[in-house]
Each structure stands twice: as structure tokens, then as C-alpha cells.
Amino acid sequence: MLCFWHSKVRWVSIVLMAAIVLMGFGSGQLSAAGGVTLYTPYTDISVTPGTTIKYTIDVINDSGSVQDVGLRLEDNGAGWEYGMTSGGWKIEQISVKPNDSHQVNMELNVPLQIDKGDYQFVLTADGLASLPLTVRVSEQGTYQTELTTEQPNMEGHAESSFSFSYTLRNRTAEKQDYALVSQAPRGWNVQFKADSKSVTSVTVEPGESKSVTVDVKPPDHVQEGSYRIPISAANGNTEAKSEMEIVITGSYKVSLSTESGLLSTEVTAGSSRKLDLKVTNEGSADLTDLQLNAQAPINWEVNFEPKSIPKLEAGQSTTVTAELKADKKAVAGDYVTSMRVTAPEASSDANFRVAVKTSVLWGWIGVLIIAAVIAGIYYLFRTYGRR
């Protein structure tokens, strides 16, 4: 019984040893044979279409003789372009000394027009070794030009300027020169900028992108509403289109004058004059928080009643009284007083010519002084003239 047990153990040991040996031969045939091994740390990577993958591969010779190794990439019919270099030379075969290694650089180009998915490759060394590689394409590829923006629509009043940020992508295999064109309504000003300069065309290398800014200025007296402006980047081979939307909420315009339109008045030095000002909202949108102020000569005073207007609806007018007080020492002549109405969206100025006259009292005093002088002269003449 004991002999049978020892015999059984011996047969099990033989079977296990044979399995280990077979496994060793099998793994050597997958990755290395004849003392040659191919190694790279990046055997499974994820990329986007149009990427150039750069592998660094070590060709290791563990044998005792020189190995001439021919390298070839099996792509399972994918048809991707690749190339290998070493020491600055394009190669297809490399010679490695015994118990030494040599480094090879391989570039694998992911096509632009490709389906999303996983792709399997095998780098072989003349049957001496093989290196499986997996490339996972993370998005659907395309062979075209793209013109995209994250903000295709904007809103503002008629006096606003609008700026759109676009990305122009060249998803082709060649360098492209693009003409930038807009189809704006008449009177609209559209300007393209790249690298902070105004441009009408840009050049984009294959697989790369370019930032383009589109500045838009509406025409004067533009009406409320929604406006669409198509733009394109095109040449004879490829084209990309986009459309901007601008919503005009209204125009903002305010005027400051008088009911008669006359911007002149008279005032006596040291006295006051009241002026009735007319503030009109000439825009198509309501105005709020209108403030009134003035710039007058030194020692003059200007007071408004009311001092501010909380709201003025489109097309409406209101009256504001301005009390103008001249300096009591002001000499006769013409002076200019500037008055201004300001809203957050618009403002208007009115320059008033103010003629200053001296007080009538001082005129009478002057007459009396002259009369007194004449009377004094007459008295002296009558009294001492006969002597």
C-alpha cells in the first residue's frame, strides 16, 4: 500500500513538472523566443482620432550571440500608418549585441476618419518575439472642418457690441487655409480676429485648432428683434458653417433741452433764474435712475427739482426745473453753463449761454453820483465864479 502511494505521488510530480515546462515554452513563444524580448510600458492606451502615438520599445537580446531583428507591425487590416526610427534613422531591422538591448522609436498615426472602438496590433521580431498592443479610440472620428462656439446667442441693447469666441478645428490630414466670411444684414459690422489681430483668413495645421473671435456691431437705429448672422470658414476642399443669434432688446437715447429748444437766458449778478428743462426718452426701451447735474462758472449755483428721475418710459418726456444763481460779483458778459442728464445706458448734454447784467440799483447809484458831481461843480461855479 505504501509503495502504491509513493508511485502515485511520483506520477503527480512528473505531470506537474511537465505542465510547468509546457507553460514556460508557451509564454516564451508569445513574447520572446530565441533569446529576444520586446518591451514597452504602454501596451494599452486611449487616444482621440488624429493622434500620433509615440512608442519607445526596447529590443532585448538575452542570447549569447548577435541577433539581427526585423521589426514589423501587424495591424489586423486596420491600415494605420506607422514608422520606426533609431539613432535618427528610419529602420526596418536592427542588430543587437549579445546580452544587450537597443531602443527603437515607433510612431503610429491614428486616422482622423475612424470609428470609436478598440484596435489590436502586434509588433513582431521575425518570429523571435511578439508584443501585443491595444489602442482604444475614445470618440468617433471624422475628416472635416469644425467651427464651434459654446455661446452662439447673445442679447443686448442697440448700442451694444457683441463678441463671440469660436474654435476652428482642422480634422483633415492636410494644412488648410480658410477664408472667413459672414453674411450679416446690411449695416451690421462683423470683424474676425485671430491672435489679437483683425483677419480675413487663417491657416490651421492638420489635427490642430485655432481660436477665432467674431466682433459684431449693430447699425444705428436698429430695431428690436432677433437677428441671425451666418458665418463660415471655407476653402476649395472643406467648409464649416455656424450661425450667431443676436437679440436686440431696444435702443437707449435721452435728450435734454427746453420746451422751445432755446438754450440761452439772462440773469442779473447775484440773482437767480429758473429754467424749465425738458427730458425726453427718445429710445425704444425704458430708462431708469436718471440723474441731473451741472457744471457752472466759479461761485455760481445750479439746483434741480427734482434732482433725479426714477423712471422714464420710451417716447415719454418730463419737466425738470433748474434754478441758476449767478455770482454777485460777476461782471457783465456771456457765460456758459453745461447741464447733463445721465442714465446707466445713455446720457445727454445741453450748454446754456447765460448773459449776466449788472444790478439796476447800482445803475441808479451811479446816476446819483454823477448828478452829485455836476451839482457840486455848479455850486462852486456860482459861488466863486464872479470873483
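## Ring pairs, a sheet and a surface patch

Biologist: Which residues do ring pairs link into a cluster?
Modeller: This is a predicted model. Rings count as a pair if their centres lie within 6.5 Å. Ring pairs of this kind join three residues into a cluster: Trp80, Tyr119 and Phe121.

Biologist: How many aromatic pairs does the structure hold?
Modeller: Pairing is judged on the rings of Phe, Tyr and Trp. On that basis, the count of aromatic pairs in the structure is four.

Biologist: Are the planes of Trp188 and Tyr227 stacked, edge-to-face or tilted?
Modeller: The two ring centres are 5.0 Å apart, with 50 degrees between the planes. Under 30 degrees would be stacked and over 60 edge-to-face. The Trp188–Tyr227 pair is therefore tilted.

Biologist: How many residues apart are Trp188 and Tyr227, and where do they lie?
Modeller: Trp188 is in the loop between strand 15 (176–182) and strand 16 (189–194). Tyr227 is in strand 20 (residues 225–234). Both residues are buried. The pair links distant parts of the chain, with a separation of 39 residues.

Biologist: Why does the pair of Trp300 and Tyr335 count as tilted?
Modeller: The ring centres of Trp300 and Tyr335 are 5.1 Å apart. Stacked needs under 30 degrees, edge-to-face over 60. The pair is tilted because its planes are at 45 degrees.

Biologist: Which parts does the pair of Trp300 and Tyr335 tie together?
Modeller: The two parts are 35 residues apart in sequence. Trp300 sits in the loop between strand 25 (287–295) and strand 26 (301–305). Tyr335 belongs to strand 29 (residues 333–342). So the pair ties that loop to strand 29.

Biologist: Is Trp300 buried or exposed?
Modeller: Its relative accessible area is 10%. The cut-off for burial is under 20%. So Trp300 is buried.

Biologist: Which are the edge strands of the open sheet of five strands?
Modeller: The strand order is 23-30-29-25-27, with mixed pairing. The twist averages 30 degrees from one strand to the next. An edge strand pairs on one side only, and that picks out strand 23 (264–268) and strand 27 (308–312).

Biologist: Which residue in strand 30 stands opposite Val267?
Modeller: Strand 23 and strand 30 (residues 347–357) run parallel, joined by five bridges. Opposite Val267 stands Val356.

Biologist: Is Val373 buried, partly exposed or exposed?
Modeller: Val373 is in helix 2 (residues 360–384). With Ile369 and Ile377 it forms a nonpolar surface patch of about 290 Å² accessible area together. Its relative accessibility is 47%, so Val373 counts as partly exposed.

Technical notes: Residues are numbered from 1 along each chain as its sequence is written. This is a predicted model: local features need pLDDT of at least 70, side-chain atom pairs count only at pLDDT 80 or more; totals for chains, interfaces and linings use all residues. Side-chain values use heavy atoms; hydrogens and water are left out. Patches are made of residues with over 30% relative accessible area and no salt bridge: like charges are joined within 9 Å, nonpolar side chains (Val, Leu, Ile, Met, Phe, Trp, Tyr) within 5 Å. Accessible areas come from the Shrake-Rupley method with a 1.4 Å probe; for residues, only the protein chains shown count as cover. A salt bridge is a side-chain nitrogen of Lys or Arg within 4 Å of a carboxyl oxygen of Asp or Glu. Helices (H or I, at least four residues) and strands (E, at least two) are DSSP runs, numbered from the N terminus. Buried means under 20% relative accessible area, exposed over 50%, partly exposed in between (1.4 Å probe, protein chains only). Rings of Phe, Tyr and Trp (its six-membered ring) pair if their centres lie within 6.5 Å; planes under 30 degrees apart count as stacked, over 60 as edge-to-face and the rest as tilted. Two strands pair if DSSP finds at least two bridges between them. Axes are lines fitted to C-alpha atoms, for helices over the stretch in contact, and angles run from 0 to 180 degrees between N-to-C directions.
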